[in-house]
Amino acid sequence: MKTTHTQDTNETMTISPASFSDEMYGLRPLSIGVHKSSIEAPEADVRIVTSGGLSIPAHSSVLASASRVMEKILDQPRKYRNSNKIIQILGVTNEAVVTFVRFLYSSRCSEEDIEMFGMHLLALSHVYSVSKLKQRCTKGLAGRLTIENVIDVLQLARLCDAPDLYIKCMKYVSKQFKAVEMTEGWKFLHNHDPWLELEILQYLDEVDLREKRRRKNKKEQSLYLQLSEAMDCLEHICTEGCTNVGPYDMDPIKSKTKKPCSKFSTCQGLQLLIRHFATCTKRVNGGCSRCKRMWQLLRLHSSMCDEPDHCRVPLCRQFKLKMGQDRKGDDARWRLLVRKVVSAKVLSSLSMAKRMRCPSWPRHK
């Protein structure tokens, strides 16, 4: 796109101000009884010339107030003092320039204008520093991305310093990359703009890494939440008893008559593990994986328990004493695990409290 101002020497197709609507020149509708002929419009003192040879009359005061760049152009000294000022806007269609000039007068741009000339208007708004139009075009183009145009819009967003639109395009490409890779726009980019192609590929790698980290964190959080639930069930079984297992001092018949608890799926598995732990003979030699798991759950409970002297979970106090005597039994990785499980328990409690306060809060199945 080329922008200059010179004395007019080319043949152009001049459009008189009367050919434009009042809306373009920012005129309000006339009051009842007032004739248009009774109002004298200010004389146009600037001509905007397009690549197609269209000459648009305009007013320097309006252009200067709407665009700092045009203000600087109009303030430059003219070679011939009595000549009209000319601003050449080249590289875009006549219709796009007319729409641009209309915005400078009215500060309005329709959805149809964005649909037809959005990319041209974004380029013009950037070149002439018309921030309001630039924001309008950025938002409009972001909502009109397609597989066929996303690369062109991405290149333009990069050239016109439109970071929001640039990110929107990058996200769109990352979601539709297989289809975008088959378009003519991508083939042109591959052959003529390797730096932007590299930026896109690096962005795709970052998105892939973030997604892998997200899945890993989600899996870890699920594990911590399961361990937190297991700690609640362990206390529940050893304090109140559940369907098949209860405290050592509770009548087994009463324990068996209890109804399933709200976390029965976890509680049932833990009860089976406890019953196995109580009768297994291999655990003496450390040869039973299920017993090792139960041993770790008991140790985890002890690490989280604040009242080991009054706790009814087996071996809680013994584990506390052992960890106090043996520093190796409480290494950094184990402390990290304990913190993660405690955090998951707190978050679960807060989420439950919020669901109780707000019945419409979505429940996770």
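Reader: With which residues is Leu225 in contact, once its neighbours within four places in sequence are left aside?

Author: Leu225 is in contact with Ala344 and Ser348, contact being heavy atoms within 4.5 Å. This is a predicted model, in which local features need pLDDT of at least 70, side-chain atom pairs count only at pLDDT 80 or more, and totals for chains, interfaces and linings use all residues. Residues are numbered from 1 along each chain as its sequence is written, and side-chain values use heavy atoms, with hydrogens and water left out.

Reader: Why is Leu225 called partly exposed?

Author: Its relative accessibility is 42%. Buried means under 20%, exposed over 50%, and partly exposed in between (1.4 Å probe, protein chains only). Leu225 therefore counts as partly exposed.

Reader: What makes the pair Glu111 and Arg136 a salt bridge?

Author: Their side chains meet at 2.8 Å, N to O. The term requires a side-chain nitrogen of Lys or Arg within 4 Å of a carboxyl oxygen of Asp or Glu, so the pair qualifies.

Reader: Which parts of the chain does the pair of Glu111 and Arg136 tie together?

Author: Glu111 lies in helix H4 (residues 111-127) and Arg136 in helix H5 (residues 131-142), so parts 25 residues apart in sequence are tied together. Glu111, at 44% relative accessibility, is partly exposed, and Arg136, at 23%, is partly exposed.

Reader: How do you know that Glu199 forms a salt bridge with Arg158?

Author: The closest N and O atoms of Glu199 and Arg158 are 3.3 Å apart, so they meet the criterion. Glu199 in helix H10 and Arg158 in helix H6 (residues 150-159) are 41 residues apart, and the pair links distant parts of the chain. Glu199 has a relative accessible area of 27% and Arg158 has 34%; both therefore count as partly exposed.

Reader: What separates Arg215 from Glu211 along helix H10?

Author: The two lie four residues apart, about one turn of the helix. Relative accessibility is 45% for Arg215 and 29% for Glu211, so each counts as partly exposed. Elsewhere, salt bridges that share partners join Glu111, Glu115, Arg136 and Arg144 into one network. The closest N and O atoms of Arg215 and Glu211 are 3.4 Å apart, and this pair is a salt bridge. The structure holds eleven salt bridges.

Reader: Which residues gather in the patch of positive charge on the surface?

Author: They are Lys168, Lys171, Lys175, Arg210 and Arg213. Helix H7 (163-175) and helix H10 (194-239) are the elements that give two or more residues to this patch, and H7 gives the most, with three. Patches take residues with over 30% relative accessible area and no salt bridge, like charges being joined within 9 Å and nonpolar side chains (Val, Leu, Ile, Met, Phe, Trp, Tyr) within 5 Å; Lys and Arg count as positive, Asp and Glu as negative, with His and the chain ends not counted.

Reader: Why is Lys175 called exposed?

Author: Lys175, placed in helix H7, has a relative accessible area of 71% and is therefore exposed.

Reader: How many helices and strands does the chain have?

Author: The chain has 15 helices and five strands, taken as DSSP runs (H or I, at least four residues; E, at least two) numbered from the N terminus. Buried residues make up 35% of its 365 residues.

Key. Accessible areas come from the Shrake-Rupley method with a 1.4 Å probe; for residues, only the protein chains shown count as cover. The place of a charge is taken as NZ of Lys, CZ of Arg, CG of Asp or CD of Glu.
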